[in-house]
Amino acid sequence: MNLRDWVASGWLVEHQTSPQEISDLLGVADRDLGDCRAPGLSPDWRLAIAYNAALQLATAALAAAGYRAEREAHHYWVIQSLAHTLGADAKTVDALDGFRKKRNIGGYERAGAISDKEAEEAIALARRLRGEVHAWLRANHPRLAPR
């Protein structure tokens with residue numbers, strides 16, 4: 001399946017983005033990448049903040065490709081779209097989806113469910129994704145790429 005098939009299935013809708021929208025999404029990601037390093041945060045919150053940074057980066061790539069996710073299972077489809085936008089491998093997509101699930105546990109169900117190691121892995125993934133999204137934008141959508 002490709003992203004057009006996802007539109008036909010109702011998981012995505014076509015979307016006309018702008019340089020401002022992409023800049024705003026990247027700005028949120030950069031803020032979160034800084035904030036997840038604030039002293040005194042629990043691993044649960046560090047992972048949640050890093051996850052949000054990664055989600056905003058994936059959302060920016062999806063928007064640049066001309067789509068946005070529908071509300072139902074929004075995060076899931078944004079994450080899965082990385083395989084079609086950036087050409088992310090299954091390991092990356094699966095890791096980010098795993099952090100989505102862990103964030104839900106740590107944020108809604110049980111405090112202390114996230115280890116320091118898991119939080120650091122989420123931060124590293126978000127930082128790597130930042131570089132990949134910026135490079136992909138420059139190569140594929142230069143008018144939307146950050147200056």
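The protein exposes about 7,700 Å², of which carbon and sulfur atoms supply 50%; accessible areas come from the Shrake-Rupley method with a 1.4 Å probe, and for residues only the protein chains shown count as cover. This is a predicted model, in which local features need pLDDT of at least 70 and side-chain atom pairs count only at pLDDT 80 or more, while totals for chains, interfaces and linings use all residues. Residues are numbered from 1 along each chain as its sequence is written, and side-chain values use heavy atoms, with hydrogens and water left out.

**Fold and dimensions**
- Seven helices and two strands make up the secondary structure, in the order α-β-α-α-β-α-α-α-α along the sequence (DSSP runs, H or I of at least four residues for helices and E of at least two for strands, numbered from the N terminus).
- The radius of gyration of the protein is 15 Å, close to the 15 Å that the globule rule gives for 147 residues, so the protein is as compact as a globular protein of that length (taken over C-alpha atoms; the rule is 2.2 Å times the number of residues to the power 0.38).

**Burial and contacts**
- Of the 147 residues, 45% are buried, meaning under 20% relative accessible area with a 1.4 Å probe, protein chains only.
- Among contacts (heavy atoms within 4.5 Å) with a separation of 6 or more, 72% join residues 24 or more positions apart.

**Helix α3**
- In α3 (residues 43-64), 22 residues reach 32 Å from the first C-alpha to the last, close to the 32 Å expected at 1.5 Å a residue, where the expected span is 1.5 Å times one less than the number of residues.
- Because 20 of its 22 residues are buried, α3 is largely enclosed by the rest of the structure.

Conventions
Buried < 20%, exposed > 50% of the residue type's maximum accessible area, 1.4 Å probe, protein only.
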